[in-house]
Amino acid sequence: MSTTSFPTLKYSYFDFVGWRAEPARVFMVLHDIPFEDDRVVFADWPAMKNDPTKAPFGSLPVLSVDGKLLTQTSAQLAYLSQLVGGQKDLFKEAKANELVAVFEDISARLFKSGEEGIDKDVKMALRKTLAEETFPKWLKRLETALSVAFEGREAGGLLFGGDKPSQADIRIAFFYRYLKSGALDHIPTSVVDGYPYFQGIYDTVFKHPKVVEHMAKFNAKF
């Protein structure tokens, strides 16, 4: 698709990296999709949050497509993927979405343990269970699923091969980065050690020259 045929896109989110929102920015950068990178100032958020013409569900990120609003990262990335042709094999696309959905299920448990106002002892207990039981159980299963998706290829690369990460690769890589960041209280960074397919996707995405440039440009950190 030529750049002249792209709709007018505006992506609104805060000026920091998050595993839920940054993947869409990175996807557009990687696939040369022109967009307005609207970095929302926190002081402006209360008014924006209560304006359904700007934030339909009172949350970010929001993707504007020729003035029409689309929320929810998964929906946004599915749309953006189709703009550049998407995955031609429908089963592979569904399988990729399945893997991302499992990561989202796991992350929901993580976010619950960090809810605003949660008692620190309760938080510690929840995080301990996540680190010692939940993550090992589910990451082991996900690693097996990733190895199957690679169809005999060795770890170290992208879900469907090639050199341009799909939306699923990017989502998976950002979740790995989040767990490895050291930003999560009571979650050791070693929780992602020992999963070569998981790490391989992360390494491949974050070593891509366009991703390196994008992250450096915004001094990206959690």
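## The sheet

Four strands make up an open sheet, arranged in the order E2-E1-E3-E4, and their pairing is mixed. Strand E2 (36-40) and strand E4 (68-71) are at the edges; each has a single partner strand, so one side of each has no neighbour in the sheet. From one strand to the next, the twist averages 25°. The model described here is predicted.

Strand E1 (residues 9-14) and strand E2 run parallel and are joined by five bridges. Within this part of the sheet, Lys10 stands opposite Glu36 in E2. Helix H1 (residues 22-30) packs on the sheet, where it touches E1 and E2. The direction of H1 makes about 145° with that of E1.

## Salt bridges

The count of salt bridges comes to 11. One of them joins Arg39 to Asp15, with the closest N and O atoms 2.9 Å apart. Arg39 belongs to strand E2 and Asp15 to the loop between E1 and H1, so this pair ties together parts that are 24 residues apart in sequence. Arg39 has a relative accessible area of 18% and is buried, because the limit for that class is under 20%.

A further salt bridge is formed by Asp32 and Lys210, whose closest N and O atoms are 2.7 Å apart. Asp32 is in the loop between H1 and E2, while Lys210 is in helix H8 (residues 209-217), so the parts tied together here are 178 residues apart in sequence. Asp32 is partly exposed, at a relative accessible area of 43%. Lys210 is partly exposed too, with a value of 26%.

Asp193 and Lys180 also meet through their side chains in a salt bridge, at 2.9 Å from N to O. Lys180 lies in helix H6 (167-180), and Asp193 in the loop between H6 and helix H7 (196-206), so the pair ties together parts that are 13 residues apart in sequence. The relative accessible area is 41% for Asp193, which is partly exposed. For Lys180, partly exposed as well, the relative accessible area is 33%.

## The nonpolar core

The largest nonpolar core has 62 residues, and the members that touch the most others are Phe135, Leu139, Leu159, Leu179 and Phe198. Helix H6 supplies the largest share of this core, nine residues.

What does Phe198 touch, not counting residues up to four places away in sequence? Its contacts are Phe103, Leu139, Glu143, Leu146, Ile172, Phe175, Tyr176 and Val192.

## Two single residues

Gln167 is part of helix H6. With 5% relative accessibility, Gln167 counts as buried. Neighbours within four places in sequence aside, Gln167 is in contact with Phe27, Leu77, Ser81, Glu93 and Asn97.

Lys207 sits in the loop between H7 and H8. Is Lys207 buried or exposed? Lys207 is exposed, its relative accessible area being 63%. Lys207 and Tyr176 are 31 residues apart along the chain, and 14 Å separates their C-alpha atoms.

## Aromatic pairs

There are 14 aromatic pairs in the structure. In one of them, Phe150 and Tyr197 have ring centres 4.9 Å apart and planes at 70°, so the pair is edge-to-face. This pair links distant parts of the chain, 47 residues apart: Phe150 is in the loop between helix H5 (120-149) and H6, and Tyr197 is in helix H7. Phe150 is buried, with a relative accessible area of 0%. Tyr197 counts as buried at 17% relative accessibility.

In another pair, the rings of Tyr202 and Phe206 have centres 5.0 Å apart and planes at 40°, so the pair is tilted. Tyr202 and Phe206 are four residues apart in helix H7, which means a separation of about one helical turn. Tyr202 is partly exposed, at a relative accessible area of 22%, whereas Phe206 counts as buried at 14%. Both residues belong to one aromatic cluster, formed by Phe103, Phe174, Phe175, Tyr176, Phe198, Tyr202 and Phe206.

Technical notes: Residues numbered from 1 in each chain as written. Predicted model: local features only at pLDDT ≥ 70, side-chain atom pairs only at ≥ 80, totals over all residues. Heavy atoms only, no water. Pairing = 2+ DSSP bridges. Helix = DSSP H or I, 4+ residues; strand = E, 2+ residues; numbered from the N terminus. Axes fitted to C-alpha atoms, helices over the stretch in contact; angles between N-to-C directions. Contact = heavy atoms within 4.5 Å. Salt bridge = Lys/Arg side-chain N within 4 Å of Asp/Glu carboxyl O. Buried < 20%, exposed > 50% of the residue type's maximum accessible area, 1.4 Å probe, protein only. Core = buried A, V, L, I, M, F, W, Y, C linked by side-chain atoms within 4.5 Å. Phe/Tyr/Trp six-rings, centres within 6.5 Å; stacked < 30°, edge-to-face > 60°.
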